[in-house]
Amino acid sequence: MSKLVQKVTTDLYSIQMKWVAWYLPIVYILYLVVLVFVLEPEIQAMSLLTFTFQTATIFMLVCGILSSFVFLPIYVKHGVTRKTYFQATILSSLALVITIMTITALVTWVFTLFDGSIGIFNNVQLSLLSTADPKWFLTILSYCIVIFIYFLAGWLISLGFYRYGAAGGFGCIAAALVFISVTDLFYNFKTPKPIVGIFPQVTLTSQIGIAIAFSLLIIAVVIAFVHKITKDIAIKVE
Amino acid sequence: MRINVEVKNLSVQYKEFKALNNVNVTLESGKIYGLIGRNGAGKTSLLSLLASYRKPSSGFITINGESLFENEEWMPKVSFVHYTDYKDEHDTAKVYLELAERYRSTFDREYAEQLATVFKLALDKPIRKLSTGMQSVLNVIIGLASRSPITIFDEAYQGMDAPTREIFYKEVLEDQARFPRIIILSTHLVSEMEYLFDKVLMIHKGELVVHEPIDRLLQKGFSITGTADKVDQAVNGLQKLSEQKLGGTKSVMVYEELPEQKVEDIQQLGLEVEQVSLHDLFIQLTSDKEEGSK
(Lines give C-alpha, C1' and ligand atoms only; values in the text may rest on other atoms or scores of the structure.)
Protein backbone atom coordinates (compact mmCIF):
# COMPACT_ATOMS: atom_id res chain seq x y z
CA MET A 1 0.00 0.00 0.00
CA SER A 2 1.42 3.38 -0.96
CA LYS A 3 2.08 6.02 1.70
CA LEU A 4 -0.47 8.28 0.07
CA VAL A 5 -3.19 5.61 0.30
CA GLN A 6 -2.32 5.24 4.00
CA LYS A 7 -2.50 9.00 4.49
CA VAL A 8 -5.87 9.41 2.77
CA THR A 9 -7.23 6.31 4.55
CA THR A 10 -6.15 7.71 7.92
CA ASP A 11 -7.68 11.11 7.14
CA LEU A 12 -10.99 9.69 5.93
CA TYR A 13 -11.17 7.39 8.94
CA SER A 14 -10.42 10.25 11.38
CA ILE A 15 -13.05 12.54 9.86
CA GLN A 16 -15.74 9.86 9.91
CA MET A 17 -14.76 8.76 13.41
CA LYS A 18 -15.58 12.29 14.58
CA TRP A 19 -19.12 11.63 13.33
CA VAL A 20 -19.09 8.22 15.05
CA ALA A 21 -18.07 9.92 18.31
CA TRP A 22 -21.44 11.71 18.19
CA TYR A 23 -23.46 8.92 16.67
CA LEU A 24 -22.64 5.98 18.97
CA PRO A 25 -23.30 7.63 22.38
CA ILE A 26 -26.63 8.97 21.07
CA VAL A 27 -27.63 5.50 19.84
CA TYR A 28 -26.62 3.89 23.15
CA ILE A 29 -28.69 6.36 25.16
CA LEU A 30 -31.60 5.90 22.75
CA TYR A 31 -31.33 2.11 23.22
CA LEU A 32 -31.64 2.38 26.99
CA VAL A 33 -34.57 4.79 26.69
CA VAL A 34 -36.35 2.49 24.22
CA LEU A 35 -35.70 -0.56 26.40
CA VAL A 36 -37.23 1.20 29.42
CA PHE A 37 -40.24 2.78 27.75
CA VAL A 38 -41.17 0.54 24.80
CA LEU A 39 -42.55 -2.66 26.19
CA GLU A 40 -43.05 -4.61 22.97
CA PRO A 41 -41.49 -8.09 23.17
CA GLU A 42 -39.55 -7.61 19.93
CA ILE A 43 -37.89 -4.48 21.33
CA GLN A 44 -37.32 -6.03 24.75
CA ALA A 45 -35.46 -8.91 23.10
CA MET A 46 -33.12 -6.64 21.16
CA SER A 47 -29.49 -6.43 22.21
CA LEU A 48 -27.52 -3.21 21.98
CA LEU A 49 -25.52 -4.81 19.17
CA THR A 50 -28.65 -5.53 17.11
CA PHE A 51 -30.18 -2.13 17.90
CA THR A 52 -26.98 -0.30 16.88
CA PHE A 53 -26.63 -2.47 13.79
CA GLN A 54 -30.07 -1.39 12.59
CA THR A 55 -29.29 2.31 12.94
CA ALA A 56 -25.75 1.78 11.59
CA THR A 57 -27.21 0.70 8.25
CA ILE A 58 -28.57 4.22 7.76
CA PHE A 59 -25.48 5.86 9.27
CA MET A 60 -23.21 3.99 6.86
CA LEU A 61 -25.54 4.70 3.92
CA VAL A 62 -25.19 8.42 4.67
CA CYS A 63 -21.39 8.10 5.05
CA GLY A 64 -21.34 6.40 1.64
CA ILE A 65 -23.39 9.21 0.08
CA LEU A 66 -21.12 11.90 1.53
CA SER A 67 -18.06 9.98 0.42
CA SER A 68 -18.38 11.08 -3.18
CA PHE A 69 -20.13 14.44 -2.82
CA VAL A 70 -17.73 15.69 -0.15
CA PHE A 71 -14.47 13.78 -0.31
CA LEU A 72 -13.98 12.95 -3.99
CA PRO A 73 -13.76 16.58 -5.22
CA ILE A 74 -11.62 17.67 -2.25
CA TYR A 75 -9.03 14.96 -2.75
CA VAL A 76 -8.78 15.24 -6.53
CA LYS A 77 -8.48 19.01 -6.05
CA HIS A 78 -5.48 18.33 -3.80
CA GLY A 79 -3.83 16.17 -6.45
CA VAL A 80 -4.90 12.75 -5.14
CA THR A 81 -5.68 10.30 -7.94
CA ARG A 82 -9.09 8.69 -8.23
CA LYS A 83 -7.43 5.31 -7.73
CA THR A 84 -5.94 6.38 -4.39
CA TYR A 85 -9.29 7.88 -3.31
CA PHE A 86 -11.06 4.64 -4.30
CA GLN A 87 -8.66 2.41 -2.33
CA ALA A 88 -8.59 4.72 0.68
CA THR A 89 -12.38 4.98 0.81
CA ILE A 90 -12.78 1.21 0.87
CA LEU A 91 -10.10 0.75 3.54
CA SER A 92 -11.33 3.59 5.75
CA SER A 93 -14.97 2.46 5.56
CA LEU A 94 -13.97 -1.11 6.44
CA ALA A 95 -12.05 0.23 9.42
CA LEU A 96 -15.07 2.35 10.37
CA VAL A 97 -17.43 -0.62 10.18
CA ILE A 98 -15.14 -2.79 12.31
CA THR A 99 -14.68 0.01 14.85
CA ILE A 100 -18.41 0.66 15.22
CA MET A 101 -19.23 -3.01 15.66
CA THR A 102 -16.28 -3.79 17.95
CA ILE A 103 -17.01 -0.90 20.32
CA THR A 104 -20.69 -1.81 20.34
CA ALA A 105 -19.96 -5.50 20.94
CA LEU A 106 -17.79 -4.57 23.90
CA VAL A 107 -20.50 -2.35 25.41
CA THR A 108 -23.08 -5.07 24.70
CA TRP A 109 -20.87 -7.59 26.50
CA VAL A 110 -20.59 -5.20 29.47
CA PHE A 111 -24.42 -5.04 29.53
CA THR A 112 -24.60 -8.85 29.67
CA LEU A 113 -22.78 -8.67 33.00
CA PHE A 114 -25.93 -7.03 34.37
CA ASP A 115 -28.27 -9.79 33.19
CA GLY A 116 -30.47 -10.75 36.09
CA SER A 117 -29.45 -7.79 38.23
CA ILE A 118 -30.96 -5.07 36.03
CA GLY A 119 -34.45 -5.95 34.82
CA ILE A 120 -34.34 -4.26 31.45
CA PHE A 121 -31.72 -6.70 30.15
CA ASN A 122 -33.56 -9.87 31.24
CA ASN A 123 -35.14 -10.74 27.88
CA VAL A 124 -32.31 -9.53 25.62
CA GLN A 125 -30.99 -11.86 22.95
CA LEU A 126 -27.79 -11.13 21.08
CA SER A 127 -29.43 -11.44 17.68
CA LEU A 128 -32.15 -13.22 15.78
CA LEU A 129 -29.71 -14.54 13.21
CA SER A 130 -29.64 -18.30 12.95
CA THR A 131 -26.01 -18.52 13.84
CA ALA A 132 -24.09 -21.53 14.92
CA ASP A 133 -21.29 -21.08 17.44
CA PRO A 134 -19.23 -18.99 17.82
CA LYS A 135 -22.39 -16.89 17.98
CA TRP A 136 -20.73 -13.61 18.97
CA PHE A 137 -18.11 -13.77 16.24
CA LEU A 138 -20.56 -14.73 13.49
CA THR A 139 -23.06 -12.08 14.58
CA ILE A 140 -20.43 -9.33 14.60
CA LEU A 141 -19.03 -10.51 11.27
CA SER A 142 -22.50 -10.61 9.67
CA TYR A 143 -23.40 -7.15 10.98
CA CYS A 144 -20.07 -5.75 9.75
CA ILE A 145 -20.61 -7.20 6.28
CA VAL A 146 -24.17 -5.91 6.04
CA ILE A 147 -23.43 -2.34 7.15
CA PHE A 148 -20.47 -2.30 4.77
CA ILE A 149 -22.91 -3.18 1.97
CA TYR A 150 -25.06 -0.22 3.05
CA PHE A 151 -21.99 2.02 2.85
CA LEU A 152 -21.22 0.73 -0.64
CA ALA A 153 -24.87 1.26 -1.64
CA GLY A 154 -24.73 4.92 -0.51
CA TRP A 155 -21.42 5.39 -2.30
CA LEU A 156 -22.81 3.87 -5.50
CA ILE A 157 -25.93 6.06 -5.39
CA SER A 158 -24.02 9.31 -4.87
CA LEU A 159 -21.47 8.42 -7.55
CA GLY A 160 -24.36 7.72 -9.92
CA PHE A 161 -25.81 11.19 -9.30
CA TYR A 162 -22.38 12.88 -9.40
CA ARG A 163 -21.33 11.30 -12.66
CA TYR A 164 -24.52 10.74 -14.62
CA GLY A 165 -27.01 13.23 -13.12
CA ALA A 166 -30.57 12.36 -12.13
CA ALA A 167 -31.14 9.49 -14.60
CA GLY A 168 -27.95 7.66 -13.62
CA GLY A 169 -28.55 8.45 -9.96
CA PHE A 170 -31.99 6.83 -9.97
CA GLY A 171 -30.55 3.87 -11.86
CA CYS A 172 -27.96 3.47 -9.12
CA ILE A 173 -30.69 3.76 -6.46
CA ALA A 174 -32.51 0.87 -8.16
CA ALA A 175 -29.29 -1.19 -8.27
CA ALA A 176 -28.54 -0.38 -4.62
CA LEU A 177 -32.07 -1.42 -3.60
CA VAL A 178 -31.57 -4.76 -5.28
CA PHE A 179 -28.22 -5.33 -3.56
CA ILE A 180 -29.60 -4.38 -0.13
CA SER A 181 -32.80 -6.40 -0.57
CA VAL A 182 -30.95 -9.53 -1.64
CA THR A 183 -28.62 -9.15 1.34
CA ASP A 184 -31.60 -8.79 3.69
CA LEU A 185 -33.25 -11.86 2.20
CA PHE A 186 -30.13 -13.92 2.69
CA TYR A 187 -29.86 -12.98 6.34
CA ASN A 188 -33.63 -13.14 6.91
CA PHE A 189 -33.57 -10.18 9.27
CA LYS A 190 -36.89 -10.05 11.07
CA THR A 191 -36.80 -6.30 11.39
CA PRO A 192 -38.98 -3.57 9.91
CA LYS A 193 -37.63 -3.02 6.44
CA PRO A 194 -39.42 -0.64 4.11
CA ILE A 195 -37.30 -1.85 1.22
CA VAL A 196 -37.86 -5.54 1.72
CA GLY A 197 -41.50 -4.94 2.51
CA ILE A 198 -42.23 -4.53 -1.19
CA PHE A 199 -40.98 -8.04 -1.94
CA PRO A 200 -42.75 -11.28 -0.98
CA GLN A 201 -41.51 -12.61 2.33
CA VAL A 202 -39.11 -15.29 1.25
CA THR A 203 -36.06 -16.60 2.97
CA LEU A 204 -33.20 -17.58 0.73
CA THR A 205 -31.21 -19.44 3.33
CA SER A 206 -31.04 -20.18 7.00
CA GLN A 207 -27.35 -20.97 6.80
CA ILE A 208 -25.25 -18.08 8.05
CA GLY A 209 -22.22 -19.37 6.13
CA ILE A 210 -24.10 -19.21 2.85
CA ALA A 211 -25.43 -15.74 3.68
CA ILE A 212 -21.90 -14.50 4.39
CA ALA A 213 -20.55 -16.05 1.19
CA PHE A 214 -23.27 -14.46 -0.95
CA SER A 215 -22.94 -11.09 0.72
CA LEU A 216 -19.20 -11.14 -0.01
CA LEU A 217 -20.13 -11.75 -3.64
CA ILE A 218 -22.50 -8.75 -3.54
CA ILE A 219 -19.67 -6.64 -2.08
CA ALA A 220 -17.39 -7.68 -4.95
CA VAL A 221 -20.05 -6.77 -7.52
CA VAL A 222 -20.77 -3.32 -5.99
CA ILE A 223 -17.05 -2.56 -5.69
CA ALA A 224 -16.62 -3.48 -9.36
CA PHE A 225 -19.43 -1.01 -10.26
CA VAL A 226 -17.93 1.72 -8.08
CA HIS A 227 -14.50 1.17 -9.59
CA LYS A 228 -15.91 1.47 -13.10
CA ILE A 229 -17.66 4.75 -12.22
CA THR A 230 -14.75 6.35 -10.34
CA LYS A 231 -11.78 5.46 -12.50
CA ASP A 232 -12.19 8.39 -14.89
CA ILE A 233 -15.00 10.39 -13.26
CA ALA A 234 -15.03 14.11 -14.09
CA ILE A 235 -14.76 16.51 -11.15
CA LYS A 236 -17.10 19.49 -11.27
CA VAL A 237 -15.64 22.97 -11.13
CA GLU A 238 -17.85 24.41 -8.40
CA MET B 1 12.08 22.12 -11.35
CA ARG B 2 11.93 22.70 -15.09
CA ILE B 3 8.87 21.24 -16.64
CA ASN B 4 7.38 21.15 -20.05
CA VAL B 5 3.70 20.55 -20.67
CA GLU B 6 2.66 19.29 -24.09
CA VAL B 7 -0.97 19.48 -25.11
CA LYS B 8 -1.57 17.48 -28.28
CA ASN B 9 -4.71 17.32 -30.41
CA LEU B 10 -6.84 17.84 -27.32
CA SER B 11 -10.61 17.68 -27.70
CA VAL B 12 -13.50 17.55 -25.25
CA GLN B 13 -17.01 16.61 -26.19
CA TYR B 14 -20.03 17.06 -23.89
CA LYS B 15 -22.79 15.02 -25.52
CA GLU B 16 -23.51 16.99 -28.69
CA PHE B 17 -21.34 19.97 -27.80
CA LYS B 18 -17.65 20.13 -28.69
CA ALA B 19 -16.11 22.29 -25.96
CA LEU B 20 -12.53 21.97 -27.19
CA ASN B 21 -11.43 21.11 -30.67
CA ASN B 22 -7.94 19.85 -31.47
CA VAL B 23 -5.97 22.16 -29.18
CA ASN B 24 -2.18 22.04 -29.41
CA VAL B 25 0.03 24.05 -27.12
CA THR B 26 3.31 23.81 -25.19
CA LEU B 27 3.73 25.40 -21.76
CA GLU B 28 7.10 26.09 -20.17
CA SER B 29 8.29 26.80 -16.63
CA GLY B 30 8.85 30.40 -15.65
CA LYS B 31 6.11 31.81 -17.85
CA ILE B 32 2.81 33.41 -16.95
CA TYR B 33 0.14 32.58 -19.48
CA GLY B 34 -2.93 34.74 -19.89
CA LEU B 35 -5.85 32.60 -20.98
CA ILE B 36 -8.59 34.70 -22.50
CA GLY B 37 -11.78 33.86 -24.30
CA ARG B 38 -15.45 34.72 -24.27
CA ASN B 39 -17.99 33.02 -22.03
CA GLY B 40 -18.32 29.37 -23.01
CA ALA B 41 -15.25 29.50 -25.27
CA GLY B 42 -13.70 26.44 -23.58
CA LYS B 43 -11.29 28.05 -21.07
CA THR B 44 -12.48 26.11 -18.02
CA SER B 45 -12.65 22.90 -20.07
CA LEU B 46 -8.99 23.31 -21.00
CA LEU B 47 -8.03 24.10 -17.40
CA SER B 48 -10.04 21.12 -16.09
CA LEU B 49 -8.01 18.86 -18.34
CA LEU B 50 -4.73 20.38 -17.18
CA ALA B 51 -5.80 19.82 -13.57
CA SER B 52 -6.89 16.21 -14.29
CA TYR B 53 -10.45 17.10 -13.29
CA ARG B 54 -11.51 15.43 -16.49
CA LYS B 55 -10.15 12.98 -19.04
CA PRO B 56 -9.80 14.25 -22.61
CA SER B 57 -12.28 12.86 -25.16
CA SER B 58 -9.30 12.61 -27.51
CA GLY B 59 -5.70 13.80 -27.58
CA PHE B 60 -3.46 13.94 -24.53
CA ILE B 61 -1.49 16.07 -22.10
CA THR B 62 2.02 15.10 -21.07
CA ILE B 63 4.36 16.61 -18.50
CA ASN B 64 8.02 15.97 -19.23
CA GLY B 65 6.87 13.17 -21.51
CA GLU B 66 4.55 11.43 -19.02
CA SER B 67 0.80 11.29 -19.40
CA LEU B 68 -0.85 13.56 -16.80
CA PHE B 69 -4.28 12.03 -16.16
CA GLU B 70 -4.29 9.91 -12.96
CA ASN B 71 -0.51 10.27 -12.72
CA GLU B 72 0.40 9.90 -9.03
CA GLU B 73 3.64 11.83 -9.38
CA TRP B 74 2.31 14.78 -11.37
CA MET B 75 -1.24 15.33 -10.19
CA PRO B 76 -0.12 16.73 -6.80
CA LYS B 77 2.08 19.20 -8.68
CA VAL B 78 -0.87 20.94 -10.33
CA SER B 79 -2.98 23.47 -8.40
CA PHE B 80 -6.28 24.60 -9.86
CA VAL B 81 -7.77 27.66 -8.18
CA HIS B 82 -11.36 28.35 -9.16
CA TYR B 83 -14.56 29.72 -7.67
CA THR B 84 -15.82 27.38 -4.97
CA ASP B 85 -19.22 27.40 -3.38
CA TYR B 86 -18.55 27.61 0.37
CA LYS B 87 -22.11 28.29 1.54
CA ASP B 88 -22.17 25.06 3.58
CA GLU B 89 -18.55 25.13 4.71
CA HIS B 90 -18.33 25.25 8.50
CA ASP B 91 -14.56 24.71 8.64
CA THR B 92 -12.23 27.66 9.07
CA ALA B 93 -9.65 28.94 6.59
CA LYS B 94 -6.98 27.55 8.95
CA VAL B 95 -8.31 24.00 8.40
CA TYR B 96 -8.04 24.54 4.65
CA LEU B 97 -4.43 25.70 4.97
CA GLU B 98 -3.67 22.59 7.05
CA LEU B 99 -5.23 20.36 4.41
CA ALA B 100 -3.21 22.02 1.64
CA GLU B 101 -0.04 21.69 3.71
CA ARG B 102 -0.74 17.99 4.22
CA TYR B 103 -1.21 17.21 0.53
CA ARG B 104 1.09 19.69 -1.23
CA SER B 105 4.74 18.93 -0.61
CA THR B 106 5.80 22.42 -1.74
CA PHE B 107 3.22 24.28 0.38
CA ASP B 108 4.81 27.13 2.38
CA ARG B 109 2.72 27.61 5.51
CA GLU B 110 4.65 30.66 6.65
CA TYR B 111 4.09 32.40 3.33
CA ALA B 112 0.39 31.47 3.46
CA GLU B 113 0.06 33.09 6.87
CA GLN B 114 1.95 36.18 5.69
CA LEU B 115 -0.47 36.42 2.78
CA ALA B 116 -3.43 36.05 5.15
CA THR B 117 -2.11 39.06 7.07
CA VAL B 118 -1.52 41.09 3.89
CA PHE B 119 -5.00 40.27 2.55
CA LYS B 120 -6.56 40.67 6.03
CA LEU B 121 -8.11 37.21 5.89
CA ALA B 122 -9.54 35.94 9.20
CA LEU B 123 -8.14 32.41 9.52
CA ASP B 124 -10.31 31.36 12.45
CA LYS B 125 -13.70 32.27 10.99
CA PRO B 126 -15.95 29.65 9.35
CA ILE B 127 -15.45 30.01 5.61
CA ARG B 128 -19.18 30.26 4.89
CA LYS B 129 -19.23 33.46 6.96
CA LEU B 130 -16.51 35.13 4.87
CA SER B 131 -17.50 37.47 2.04
CA THR B 132 -17.22 36.14 -1.52
CA GLY B 133 -14.13 38.30 -2.01
CA MET B 134 -12.49 36.87 1.10
CA GLN B 135 -13.38 33.33 0.05
CA SER B 136 -11.60 34.05 -3.23
CA VAL B 137 -8.66 35.40 -1.23
CA LEU B 138 -8.46 32.09 0.62
CA ASN B 139 -8.38 30.20 -2.70
CA VAL B 140 -5.69 32.50 -4.03
CA ILE B 141 -3.56 32.16 -0.88
CA ILE B 142 -3.70 28.37 -1.13
CA GLY B 143 -2.87 28.58 -4.86
CA LEU B 144 0.12 30.87 -4.32
CA ALA B 145 1.50 29.19 -1.17
CA SER B 146 1.21 25.71 -2.71
CA ARG B 147 3.97 26.78 -5.11
CA SER B 148 2.89 24.01 -7.44
CA PRO B 149 4.98 23.74 -10.63
CA ILE B 150 1.72 24.28 -12.51
CA THR B 151 -0.58 26.81 -10.91
CA ILE B 152 -3.87 27.72 -12.52
CA PHE B 153 -6.05 30.66 -11.48
CA ASP B 154 -9.44 30.51 -13.19
CA GLU B 155 -11.13 33.88 -12.66
CA ALA B 156 -9.80 33.60 -9.13
CA TYR B 157 -10.55 37.27 -8.41
CA GLN B 158 -14.33 36.88 -8.08
CA GLY B 159 -15.74 39.29 -5.52
CA MET B 160 -12.37 40.89 -4.78
CA ASP B 161 -12.29 44.68 -4.70
CA ALA B 162 -9.75 46.57 -6.84
CA PRO B 163 -7.09 47.07 -4.11
CA THR B 164 -7.28 43.35 -3.19
CA ARG B 165 -6.89 42.38 -6.84
CA GLU B 166 -3.80 44.62 -7.03
CA ILE B 167 -2.26 42.79 -4.06
CA PHE B 168 -3.02 39.49 -5.78
CA TYR B 169 -1.33 40.60 -9.01
CA LYS B 170 1.70 41.92 -7.12
CA GLU B 171 2.08 38.64 -5.22
CA VAL B 172 1.79 36.63 -8.44
CA LEU B 173 4.68 38.58 -9.97
CA GLU B 174 6.86 38.59 -6.85
CA ASP B 175 6.39 34.92 -6.02
CA GLN B 176 6.87 33.93 -9.65
CA ALA B 177 10.22 35.73 -9.55
CA ARG B 178 11.20 33.81 -6.39
CA PHE B 179 9.81 30.42 -7.45
CA PRO B 180 9.37 30.28 -11.22
CA ARG B 181 6.63 27.92 -12.33
CA ILE B 182 3.95 27.71 -15.00
CA ILE B 183 1.17 30.09 -14.03
CA ILE B 184 -2.03 30.29 -16.03
CA LEU B 185 -4.32 33.23 -15.39
CA SER B 186 -7.73 32.81 -16.96
CA THR B 187 -9.53 36.12 -16.94
CA HIS B 188 -12.11 38.46 -18.35
CA LEU B 189 -10.27 41.47 -16.90
CA VAL B 190 -8.01 41.70 -19.92
CA SER B 191 -6.91 45.34 -19.63
CA GLU B 192 -6.32 45.08 -15.92
CA MET B 193 -4.21 41.93 -16.07
CA GLU B 194 -2.39 42.07 -19.39
CA TYR B 195 0.82 43.42 -17.81
CA LEU B 196 1.13 40.11 -15.93
CA PHE B 197 1.21 37.94 -19.04
CA ASP B 198 4.32 36.62 -20.75
CA LYS B 199 2.26 34.74 -23.29
CA VAL B 200 -1.33 34.94 -24.42
CA LEU B 201 -3.56 31.96 -25.09
CA MET B 202 -6.80 33.02 -26.73
CA ILE B 203 -9.60 30.52 -27.13
CA HIS B 204 -12.58 31.02 -29.35
CA LYS B 205 -15.36 28.47 -29.84
CA GLY B 206 -13.18 25.66 -28.51
CA GLU B 207 -10.19 26.46 -30.70
CA LEU B 208 -6.91 28.04 -29.72
CA VAL B 209 -6.76 31.08 -32.01
CA VAL B 210 -3.74 32.80 -30.45
CA HIS B 211 -0.70 31.36 -28.70
CA GLU B 212 2.00 34.00 -28.70
CA PRO B 213 4.26 36.10 -26.50
CA ILE B 214 2.26 39.19 -25.59
CA ASP B 215 4.75 41.67 -27.06
CA ARG B 216 4.69 39.89 -30.42
CA LEU B 217 0.93 39.74 -30.38
CA LEU B 218 0.62 43.44 -29.62
CA GLN B 219 2.99 44.22 -32.50
CA LYS B 220 0.41 42.71 -34.82
CA GLY B 221 -2.49 44.95 -33.89
CA PHE B 222 -2.72 48.39 -35.47
CA SER B 223 -5.36 50.93 -36.12
CA ILE B 224 -4.93 53.11 -39.21
CA THR B 225 -6.95 56.30 -39.24
CA GLY B 226 -7.38 59.06 -41.78
CA THR B 227 -9.30 59.98 -44.89
CA ALA B 228 -11.30 57.03 -46.14
CA ASP B 229 -9.76 56.64 -49.59
CA LYS B 230 -6.18 56.82 -48.28
CA VAL B 231 -6.97 54.34 -45.50
CA ASP B 232 -8.45 51.95 -48.06
CA GLN B 233 -5.30 52.30 -50.11
CA ALA B 234 -3.06 51.69 -47.08
CA VAL B 235 -4.87 48.59 -45.81
CA ASN B 236 -5.21 46.98 -49.20
CA GLY B 237 -3.90 43.41 -48.83
CA LEU B 238 -3.73 43.54 -45.03
CA GLN B 239 -5.84 41.42 -42.68
CA LYS B 240 -8.63 43.70 -41.47
CA LEU B 241 -10.32 43.05 -38.14
CA SER B 242 -12.78 45.93 -38.08
CA GLU B 243 -13.52 49.29 -39.58
CA GLN B 244 -15.37 52.38 -38.49
CA LYS B 245 -16.37 55.35 -40.59
CA LEU B 246 -17.41 58.80 -39.50
CA GLY B 247 -18.02 61.27 -42.34
CA GLY B 248 -14.94 61.18 -44.53
CA THR B 249 -12.75 59.73 -41.79
CA LYS B 250 -12.15 56.04 -41.53
CA SER B 251 -10.40 53.87 -38.95
CA VAL B 252 -9.40 50.30 -39.73
CA MET B 253 -7.97 47.80 -37.29
CA VAL B 254 -5.50 45.44 -38.93
CA TYR B 255 -3.99 42.25 -37.58
CA GLU B 256 -0.64 41.81 -39.16
CA GLU B 257 2.98 42.47 -38.30
CA LEU B 258 3.88 45.66 -40.16
CA PRO B 259 7.51 46.21 -41.13
CA GLU B 260 8.87 49.65 -40.13
CA GLN B 261 9.05 50.68 -43.78
CA LYS B 262 5.36 49.89 -44.25
CA VAL B 263 4.45 51.96 -41.17
CA GLU B 264 6.49 54.87 -42.54
CA ASP B 265 4.82 54.55 -45.96
CA ILE B 266 1.39 54.69 -44.32
CA GLN B 267 2.35 57.68 -42.21
CA GLN B 268 3.60 59.44 -45.34
CA LEU B 269 0.08 59.15 -46.69
CA GLY B 270 -0.93 61.43 -43.80
CA LEU B 271 -2.49 58.60 -41.83
CA GLU B 272 -2.22 57.90 -38.15
CA VAL B 273 -0.89 54.47 -37.12
CA GLU B 274 -1.46 53.32 -33.54
CA GLN B 275 -0.93 50.06 -31.71
CA VAL B 276 -4.14 48.61 -30.33
CA SER B 277 -4.58 47.14 -26.86
CA LEU B 278 -4.92 43.46 -26.07
CA HIS B 279 -8.46 44.23 -24.97
CA ASP B 280 -9.38 45.53 -28.44
CA LEU B 281 -7.59 42.69 -30.18
CA PHE B 282 -9.45 40.22 -28.01
CA ILE B 283 -12.82 41.75 -28.85
CA GLN B 284 -12.14 41.76 -32.58
CA LEU B 285 -10.47 38.34 -32.79
CA THR B 286 -13.36 36.72 -30.99
CA SER B 287 -16.23 38.67 -32.48
CA ASP B 288 -19.04 36.66 -34.03
CA LYS B 289 -18.89 38.40 -37.39
CA GLU B 290 -16.70 37.02 -40.16
CA GLU B 291 -13.20 37.24 -38.77
CA GLY B 292 -10.48 39.17 -40.60
CA SER B 293 -10.68 39.52 -44.32
CA LYS B 294 -7.75 39.94 -46.62
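Modeller: This is a predicted model. Start with α3(A), which bends by about 40 degrees at Ser67(A).

Biologist: How do I read a pair of helices, say α4(B) and α5(B)?

Modeller: Look at the axis distance and the crossing angle. The axes of α4 (132-146) and α5 (162-178) of chain B come within 12 Å and cross at roughly 0 degrees. Angles under 35 degrees count as roughly parallel, and α4(B) and α5(B) are therefore roughly parallel to each other.

Biologist: Which residues of α4(B) and α5(B) meet?

Modeller: From α4(B) come Gly133(B), Val137(B), Val140(B) and Leu144(B); from α5(B) come Thr164(B), Phe168(B), Glu171(B) and Asp175(B). The residues of this contact divide into 4 nonpolar, 2 polar and 2 charged.

Biologist: Now the sheet. In what order do the 4 strands of the open sheet in chain B lie?

Modeller: The order is β2-β1-β4-β5, with antiparallel pairing.

Biologist: How many bridges join β1(B) to β2(B), and how many join β1(B) to β4(B)?

Modeller: Strand β1(B), residues 4-14, pairs with β2(B) over 8 bridges and with β4(B) over 5 bridges. As examples, Asn4(B) has Glu28(B) in β2(B) as its bridge partner, and Val7(B) has Ile61(B) in β4(B).

Biologist: What lies between β4(B) and β5(B)?

Modeller: These two strands form a hairpin with 2 residues between them, and Asn64(B) in the turn has a positive phi of about 45 degrees. The antiparallel strands β4(B) and β5(B) are joined by 2 bridges; Thr62(B) is partnered by Ser67(B) in β5(B).

Biologist: Last, the two chains. How many residues of chain A and of chain B are in contact?

Modeller: 13 residues of chain A contact 19 residues of chain B. On the chain A side, the elements that give two or more residues are α3 (48-77) and α4 (82-112). That side divides into 5 nonpolar, 3 polar and 5 charged residues.

Technical notes: Residues numbered from 1 in each chain as written. Chains lettered and ligands numbered in written order. Predicted model: local features only at pLDDT ≥ 70, side-chain atom pairs only at ≥ 80, totals over all residues. Contact = placed C-beta atoms within 7 Å. Nonpolar A, V, L, I, M, F, W, Y, C, P; charged D, E, K, R; others polar. Pairing = 2+ DSSP bridges. Bend = angle between axes of the 7 residues up to and from the residue. Axes fitted to C-alpha atoms, helices over the stretch in contact; angles between N-to-C directions. Parallel < 35°, antiparallel > 145°, perpendicular 65-115°, else oblique.
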